Amino acid sequence: MERIRLRFESIQQVVGNENLSVIVLTDESRRYAITVICDEQMTHQILFRCQSPDRARTMLPESLLQMLTGQYEMMVYGVHDGQYQVVLSDTEFERSTRIRMSDAVLLSMISHYPLYIEENLLHQQSYPFDPDSKGVAIPINTIDMNRLNSALQNAIEEENYELASQLRDEINRRKKSTP
C-alpha cells in the first residue's frame with residue numbers, strides 16, 4: 001500500500017451557505033487535490049491559525065501538543081457514510097484512535113504531524129489541482145445524508161435531473177449498505 005502525504009492548501013466558504021466551508025488538500029507535488037467539508041466552528045479554528053499563528057500558540061490544542069512526547073501520524077484510509085475515515089497513531093503503531101478528517105487537518109497544521117492518504121483512495125477522490133481555479137469539486141460520497149437529501153431537493157427544484165439521479169443513486173446505495 002503506497003501512501004501520499006497531504007498538505008493544507010486553502011479553505012473556502014461554500015457559496016450560499018455561510019455555515020460550511022471546503023478545505024482543499026493537495027499532494028506534495030500539488031498535482032491532485034481532495035476536498036473536505038467542514039462546519040463553521042472548524043472553519044473558524046483553521047482560519048484563526050492561518051491569519052494569526054502567533055496568537056494561537058497559547059491556545060489549548062497548541063499547549064497540549066507541547067506536552068506530548070513521541071511522534072504521531074494520520075492516515076486517511078477510506079470513506080464511509082459521507083465521511084473520510086482517518087486514524088491517528090503513534091509511529092510505532094502501538095496506540096491509535098479514529099478522528100474526523102477536519103480535525104486531522106487542524107492537527108496536522110498545528111503539529112506538523114504528517115497526514116497521509118492511501119494512493120488508490122487519493123486517485124478515486126481527487127481532481128487535478130489548479131491553483132487559479134474559481135471552484136472546487138466535492139465527491140458525492142463525502143457528503144453526509146442530510147446534505148445529500150437537501151441537494152436532491154434543490155436539484156429537483158432546479159430541474160437538474162442528471163444531478164438528481166446521481167444524488168438519488170448515492171442515497172439508495174447508502175441505505176442498502178446500512179443494516
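1. A word on cover before we start: a residue is called buried under 20% relative accessible area, exposed over 50% and partly exposed in between, with a 1.4 Å probe and protein chains only. At 7% relative accessibility, Gln125 therefore counts as buried. Please keep in mind that this is a predicted model, where local features need pLDDT of at least 70 and side-chain atom pairs count only at pLDDT 80 or more, while totals for chains, interfaces and linings use all residues. Residues are numbered from 1 along each chain as its sequence is written, and side-chain values use heavy atoms, with hydrogens and water left out.

2. Staying with Gln125, you will find this residue in helix 5, residues 119-125. (Helices are DSSP runs of H or I with at least four residues, strands are runs of E with at least two, and both are numbered from the N terminus.) Which residues is Gln125 in contact with, leaving aside neighbours within four places in sequence? They are Ala33, Ile34, Val79, Tyr84, Pro139, Asn141 and Thr142, where contact means heavy atoms within 4.5 Å.

3. His123 also has its place in helix 5. With a relative accessible area of 40%, His123 is partly exposed.

4. Now to the aromatic rings. Rings of Phe, Tyr and Trp (its six-membered ring) pair if their centres lie within 6.5 Å; planes under 30 degrees apart are stacked, over 60 edge-to-face, and the rest tilted. By this rule there is one aromatic pair. Tyr72 and Tyr113 form it, tilted, at 5.4 Å centre to centre and 45° between the planes. Tyr72 lies in strand 4 (72-80) and Tyr113 in the loop between helix 4 (101-111) and strand 7 (115-118), so the pair ties together parts that are 41 residues apart in sequence. Both tyrosines, Tyr72 and Tyr113, are buried.

5. Another ring worth a look is that of Tyr116: the charged end of Arg3 sits over it, 3.8 Å from its centre. The rule here asks for NZ of Lys or CZ of Arg within 6 Å of the ring centre and within 35 degrees of the ring normal.

6. Finally, helix 4 is mostly covered, with nine of its 11 residues buried. Among them are Met101, Val105, Leu106 and Ile110. After helix 4 comes His112, which has a positive phi, near 65°.
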